[in-house]
Amino acid sequence: MIDKYNTLQPVYWQNGQLHLLDQRKLPQQQTVIKLEKADEVAEAIKEMVVRGAPAIGITAAYAVVLAAKAAYTISPNHWQTIIESDLLQLAEARPTAVNLVWALERMKAAFANITSNPVPVLLKEAKRIHQEDIDANHRLGDWGAALLPSNCRILTHCNAGALATGGYGTALGVIRSAYTAGKVRQVYADETRPWLQGARLTAWELLQDNIPVTLLADSAAAALMQQKRVDWVIVGADRITANGDIANKIGTYSLAVLARQHGIKFMVAAPTSTIDMNLTSGEQIVIEQRASDEILTIGGQSIAPSGAKAWNPSFDVTPAALVNVIVTEKGVVEQPTTESLVALMG
Ligand code: MRU
């Protein structure tokens, strides 16, 4: 895949295998896992080997190639029926990011009328989805950067970077474009409990590109804003509903409330594959609940008394009213509403 900025690639296809950079091990180890079975890919998505809404969509698209290859070998006449269970398993791997089912629908449309060996056509479609995502990130990165003032101080949350996409990133795409344009004075990144995507991934990814970054505990964001040290909050999204509500990493909603309280602008950067026009508002989004152990332990060590319970939603929903701007590859939507998103999506 071609990324003119040559950022990290969390997902790629090589020698008939799907390669995933194991993000659970970063930044200490850079390990690449090679997969040839669709069910292993579904498991890798669930277990966060690969994560981030666009990256899991791209990964699922390549998994359909693997599924079709195996099924066609078993039965050239019935492979489409055989892969149904793989498609279901992939769709259910993580429920919140719409990019996953969006990519599966693209792949289904691509194989609907194939009667011969499906692999070449499906591989071409998966690669197209991948390249389109990289291109979208460059476009939205430039749109987003154009909105920022010079000397901008930015706070981001989780990892919406090259690692979470086909390459370049969404929120980090905006930061990359703005940094290249000389507009960035400071990037702050929340550590992002419990998976520490901010500390482990965003900080690592930015430093790979020599973009300086300052980490803070999630709970320090309020004080940072109170001290007038942030101009824009920029985040990605896992699903944007038709009215402009945003599901993103748990803690995003707190940042949006805080930003409004302190008169700081709040930007959501996402490709249109993240926009779900089938849901009218954020209340309809299924929020993934993850294991209690992610809260009760750190690095395998218990940090809470035995018997303590934990609530561990992986995402929250930020109401559209708290969003100043959604930036996509198709353009920019200020103060999002259903009307403006319908207009954007055509
Ligand atoms: O649980 P994760 O790491 O998959 O969550 C990722 C996020 O919340 C990102 O902000 C979102 O997927 C956008 S990535 C461009």
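I looked up the second largest pocket, and about 200 Å³ of space lies in it. A pocket here is an open set of points on a 1 Å grid over the protein atoms alone, where a 1.4 Å probe fits, with protein on both sides within 12 Å along at least five of seven lines. Its volume is the space filled by probe spheres set on the points, which are joined across faces, edges and corners.

I noted that this is a predicted model, where local features need pLDDT of at least 70, side-chain atom pairs count only at pLDDT 80 or more, and totals for linings use all residues. Residues are numbered from 1 along each chain, and side-chain values use heavy atoms, without hydrogens and water.

Next I checked what lines the second largest pocket (lining residues have an atom within 4 Å of a point). There are 16 lining residues, and Trp102, Pro271, Thr272, Ser273 and Glu329 are the closest to the centre. Helix H6 (119-147) is one of the helices that supply at least two residues each, and H6 gives the most, with 5 residues. Helices are DSSP runs (H or I, at least four residues), numbered from the N terminus.

Where does the second largest pocket lie? Domain 1 (11-134) and domain 2 (139-345) both give residues to the lining, so the pocket lies between them. The domain bounds come from an automatic or database assignment.

Then I turned to the ligand. A polar side-chain atom of Arg51 lies 2.8 Å from a ligand oxygen atom, while for Lys249 a polar side-chain atom lies 2.7 Å from a ligand oxygen atom.

Notes. Polar contact = N/O pair within 3.5 Å; in protein donor to acceptor, adjacent residues only side chain to side chain.
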